[in-house]
Amino acid sequence: MCAAQAVRHQGDGSAHMRSTLRKGNALPSRPNACMGTIILPFPVETTTTTPDFRTFDLAPGLLQGLDAMGIRKPTPIQEQAIPLALEGRDLIACAQTGTGKTAAFLLPLIEVIHGYKPKVEGSIRALVIVPTRELALQIDQQMQAIAYFTPITSMPVYGGSDAASFDQQKAALTGGTEVIVATPGKLLSHLNLGYVALKGLEFLVLDEADRMMDMGFIDDINRIVQFLPKDRQTLMFSATMAPPIRELAKHILHDPAEITIALSKPAEGVKQEAYVVHEPQKAPVLEHVLRTNEATSIIIFAGRKVEVKNLARHLIKRGFDAQAMHSDLEQGEREQVLLDFRNRKLRILVATNVVSRGIDIDDIDLVINYDVPRDPEDYVHRVGRTARASKKGQAITFISEVDMREFGRIEKLIGYAVQKLPLPGGFGEGPEYRPDAKAKHSNGNRRGPGGGHRGGNSRGGRPQGGGRRH
Ligand code: AMP
């Protein structure tokens, strides 16, 4: 055991103690620095000055876990967040899915939990609160992979599961599982039953805080915080720093350090294109794209659940290998659809925004925006599903008259105009692209795609990253 580790193992686990032991190097707090800042998806620029994870003096088991995952060099958010979190600082970070934010909070908390004795034997030591069950599962999986060579255990806690899972969750919440990754509603129902072992909680992480606000979880979060010990370290991650997020931060964080990363552009490897279409042209042109594009892994995003359902139903009817992914599906169905898609047994996933934010799916060849997202950040999230880890990818957006203004805002955000493709022959003329014109109201005419073609790809399954220990 090296000297630094020996010191860690003698600690008592409190944030104050860690802060004292690790004093130095604190970055100055930068109020308002996150305002309006967008972190675009991973891979973010890899120009960090930290050569590898050993610089953070992490336990050998963690380095081994990272190595097994093929993770070698910290991303900018990791480079900034990990040292601060290891010092015991509260943290507010503007970061989105794709920046490596999950490892940015998991690494320091596993390191500390591994390195220090618990304050209270048998207590949960870290609580990660997230907006969706998909994100809970995804973070738990990443946790299992990173902590594989350490004895630290974790458990996801979310709704929609059966009685056996509830009992399993209850056992984890009472029986000394160190890290719990939970959605607010389900956690609160367990908390209200009075058995959750939280006396020795050391870390609270709020991930995708802005999303939790949007989904109406603010009261639940405030209630949860009342159950937690005050002497804890709190890390908050949010894609935006709107005033309500700052208000929440004021209540639950203590003198936080603030991290933001300069505006970045979508990964160079993403070929971004758009068709400017009249609403009735959308569906047939989509079908043409699906027929002619060689992509074997495609996500089609549509804004509303009802559109997702209709579009998927229609594509299936026309012989495409497609499935819908939305919040009305049973938990088991969602997991199966995602698994099939990840394993490339399913070619086309038709999804709402939930997938663009919370789901860790790599290697997508083509992202199609069947509509233009209302929030420009969602465009970035959606496009960020492709060309991950420096691979090539393609994103095609359909812009109808009602979407032009919105797309103009996106182009302003990313700082350049996306290439507009001429409509393929036989589909007629599209409208002129006029992002500054006032949007006309749509008659809501959304036809299903015409013409059928089975574009399925039934390649064998791809192994999932990371191993589970329990
Ligand atoms: P996240 O932003 O946490 O959703 O992470 C996005 C993806 O990046 C996940 O698949 C991670 O496993 C991966 N990842 C996280 N950190 C790194 C890193 N330093 N180098 C390469 N990949 C990473």
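Start at F301: its bridge partner in strand β11 is A351. Select both strands, β9 (residues 298-301) and β11 (residues 348-351); they pair in the parallel sense over 4 bridges. Strands pair here if DSSP finds at least two bridges between them. Strands are DSSP runs of E with at least two residues, helices are runs of H or I with at least four, and both are numbered from the N terminus.

Before moving on, two notes on the model. It is predicted, so local features need pLDDT of at least 70 and side-chain atom pairs count only at pLDDT 80 or more, while totals for chains, interfaces and linings use all residues. Residues are numbered from 1 along each chain as its sequence is written.

**The seven-strand sheet**

Now widen the selection to the sheet around F301. Which order do the strands take? The order is β10-β11-β9-β12-β13-β8-β14, in an open sheet of 7 strands with parallel pairing. Look at the edges: β10 (322-325) and β14 (419-421) each have a single partner strand, so one side of each is left without a neighbour in the sheet. From one strand to the next, the twist averages 25°.

Angles run from 0 to 180 degrees between N-to-C directions; axes are lines fitted to C-alpha atoms, for helices over the stretch in contact.

Go to strand β2 (residues 126-129). Show the side chains. A126 and V128 point one way, L127 and I129 the other, and all are buried. Buried means that 20 or more other C-beta atoms lie within 10 Å of the residue's own; exposed means 12 or fewer, partly exposed is in between, and C-beta atoms are placed from the backbone. In a regular strand, side chains alternate between the two faces of the sheet.

Next, select strand β4 (residues 179-182). β2 and β4 pair in the parallel sense over 4 bridges. V128 stands opposite V181 of β4. Then select strand β5 (residues 203-206). β2 pairs with β5 too, in the parallel sense and over 4 bridges. Here I129 has L206 as its bridge partner.

Stay in β4 and pick I180. Is I180 buried or exposed? I180 counts as buried because it has 27 C-beta neighbours inside 10 Å. Leave aside its neighbours within four places in sequence, and I180 is in contact with I124, L127, M155, V157, A172 and L173. Contact means C-beta atoms, placed from the backbone, within 7 Å.

Two packed helices are described by the angle between their axes and the distance between the axes. Select helix α4 (residues 76-87) and helix α5 (residues 101-115). They pack at about 25°, with axes 9 Å apart. That makes α4 roughly parallel to α5. Under 35 degrees counts as roughly parallel, over 145 as roughly antiparallel, 65 to 115 as roughly perpendicular, and the rest as oblique.

Show the contact residues. On α4 they are I77, Q78, A81, I82, A85 and L86; on α5 they are K101, A103, A104, F105, L107, P108 and E111. By class, this contact has 10 nonpolar, 1 polar and 2 charged residues. Ala, Val, Leu, Ile, Met, Phe, Trp, Tyr, Cys and Pro count as nonpolar, Asp, Glu, Lys and Arg as charged, and the others, Gly among them, as polar.

T102, A103, L106, L107 and I110 of α5 meet I139, Q142, M143 and I146 of α6. The classes are 7 nonpolar, 2 polar and no charged residues.

**Two loop stops**

Pick D57, in the loop between α2 (15-21) and α3 (60-69). Its phi is positive, about 60°, although D57 is not a glycine. D57 counts as partly exposed because it has 17 C-beta neighbours inside 10 Å.

Then pick D255, between α11 (243-252) and β7 (257-259). Its phi is near 45°, also positive in a residue other than glycine. With 7 C-beta neighbours inside 10 Å, D255 counts as exposed.

**Zoom out**

Show the whole chain. It has 17 helices and 14 strands. Of its 470 residues, 49% count as buried.

Technical notes. Contact = placed C-beta atoms within 7 Å.
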